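Hello,

Here is the structure I said I would pass on. My notes follow below it.

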Amino acid sequence: MTHGTSPSTGELEARIARARTALAPFAAGPLGHLVDGRVLPGAGALFENRSPVDGSLLGMVRDATPDEVAQAAEAARRAFRTWRLVPGAERRRLLHRVADLIEARADEIALVECMDTGQAWRFMSKAALRGAENFRFFADRAPDAANGLSLPTDTHLNYTVRQPIGPVAVVTPWNTPFMLSTWKIAPALAAGCTVVHKPAEWSPLSAWLLAGIMREAGVPDGVVNLVNGIGDTAGKALTEHPAIRATAFIGESRTGGLVMAQGAPTLKRVHLELGGKNPVIVFDDADLDRALDAVVFMIYSLNGERCTSSSRLLVQASIHDRFVARLADRVRRLKVGHPLDPATEVGPLIHPRHCDKVLSYARIARDEGATIAVGGGRSTAPGISPQGNYVEPTLYTQARGAMRIAQEEIFGPVLTVVPFADEAEAIELANGVAYGLAGYLWTGDVGRANRVSLALDAGMIWVNSENVRHLPTPFGGMKASGIGRDGGDYSFDFYMETKNVALALGTHGIQRLGV
Ligand code: NAD
């Protein structure tokens, strides 16, 4: 720490210096692809990757051509022949080795991720470790992934086994790219599938680190391939390629529909984790202090760029004014800043285009007759770069359920508050959107907690809690929020085929035709 600086400033400077070192390789030359264990420089168009922190150029990236995507898919197809036969215990060992290396390089991963995505260090340092946890969790399940059911009858023994579906495409978004790619790649490898991963064009860096770690851990060539590129070109080519048997996709609902259509001619299985407009419902009998902490955390953490964020607060009219006043006070105090600053709670948004989208909702809120209680504009917090994508944490109040600010996924640090009178109205409002990913509810009444949980159209409900993940539990959404579930055994249902084997005891009569 230099003289006259706060501990926070000293730590920030140290992290910026470490980030510079971690980012240097990406500035050295265009980022290409990794196919069959080799770096493929690529011949496709170049695009820029700029940091959300200050708009600086982090490096150039190649958009994979259809031919390069095909090379990656073919490499995955070839590698599948042997990888599927690798014993579960060996896959477990390799995946634990990947987890070890992620842990050893967690600092570097988090630094790169913060500078590439704008997410604050306080969250990204944990996300890197969660990536390691994802590998460990599925590593331990690899040996038993094939186990099925025994379904005997008087004449036959029936048993089921699960076998890996084949090469899979993993297509990931930019909000927490490292963690989300491990969440897909780890179960795919544990199941015995091979992978072609396409990270989001706005945040390609940590995928490269992960691919390098997997090679270093000894994952054989061709088992995990990486293609960079734009969604409409590289992403489309990958999700259409006939060698790919299934696509694990995380992204916007509209793109999910495209991925389904692109995979339809080759009958690919798809798993879609899509957008959300998740409600947090606060009843007047709730523990309001804990509810307030959770409400603030679940929309202003991770810049609000989080599929499970509770971006709609439904609050009972009887406590509305008091609760919203306390909420507004907390939102005003949120610390916007450089993502590597230990004090930062909200960092810059991923891209100028996304920033403009998020900011455009202030005009929409005003036109719709809602109140902009806090924020709504660009942030002018001290110490931030004017070239960065910083927005003010924003709170819209006095909204109604039908307004666009209460219907559309804004995907920023923006919360819309809608009052409700009673349980029935809360449920109607909560379900009155296209999405159905998560729902959060706060009440002291056990009966109500259960009634509302069962009535909400959402794949995941948290009662008196923020989003706390337990990896064996199912993760996924209903309606426009997606198709399929991840987590625990649910992941293997996607990455594996179930086969039934019927073994006769030799005692049953067989119809004799043509005798
Ligand atoms: P996006 O749909 O724009 O892009 C996601 C990925 O799809 C990127 O890699 C992109 O290049 C690729 N892509 C785009 N068009 C494609 C096409 N035609 N074919 C194949 N691939 C294509 O999403 P985004 O803006 O990167 O991410 C934000 C969205 O992701 C939000 O809607 C958010 O809610 C959602 N998300 C959902 C979850 C979940 O678990 N449900 C988790 C994180 C993010």
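The crossing of helices H10 and H11 is right-handed (the near helix is turned clockwise from the far one by less than a right angle; left-handed if anticlockwise). This is a predicted model, in which local features need pLDDT of at least 70, side-chain atom pairs count only at pLDDT 80 or more, and totals for chains, interfaces and linings use all residues. Residues are numbered from 1 along each chain as its sequence is written, and side-chain values use heavy atoms, with hydrogens and water left out.

H10 covers residues 288–300 and H11 residues 320–333 (helices are DSSP runs of H or I, at least four residues, numbered from the N terminus). Their axes come within 11 Å and cross at roughly 45° (lines fitted to C-alpha atoms over the stretch in contact, angles from 0 to 180 degrees between N-to-C directions). Among the residues making the contact are Leu292 and Val296 of H10 and Leu327 of H11 (contact: heavy atoms within 4.5 Å).

Beyond its neighbours within four places in sequence, Leu327 also touches Leu313, Leu395, Leu415 and Val417, among others. Leu327 and Leu313 are among the residues with the most contacts inside the largest nonpolar core, which has 115 residues (buried Ala, Val, Leu, Ile, Met, Phe, Trp, Tyr and Cys joined through side-chain atoms within 4.5 Å; buried is under 20% relative accessible area, exposed over 50%, partly exposed in between, with a 1.4 Å probe and protein chains only). At least three residues of this core come from each of domain 1 (9–274 + 481–499) and domain 2 (279–463) (bounds from an automatic or database domain assignment).

Regards

Methods
Helix = DSSP H or I, 4+ residues; strand = E, 2+ residues; numbered from the N terminus.
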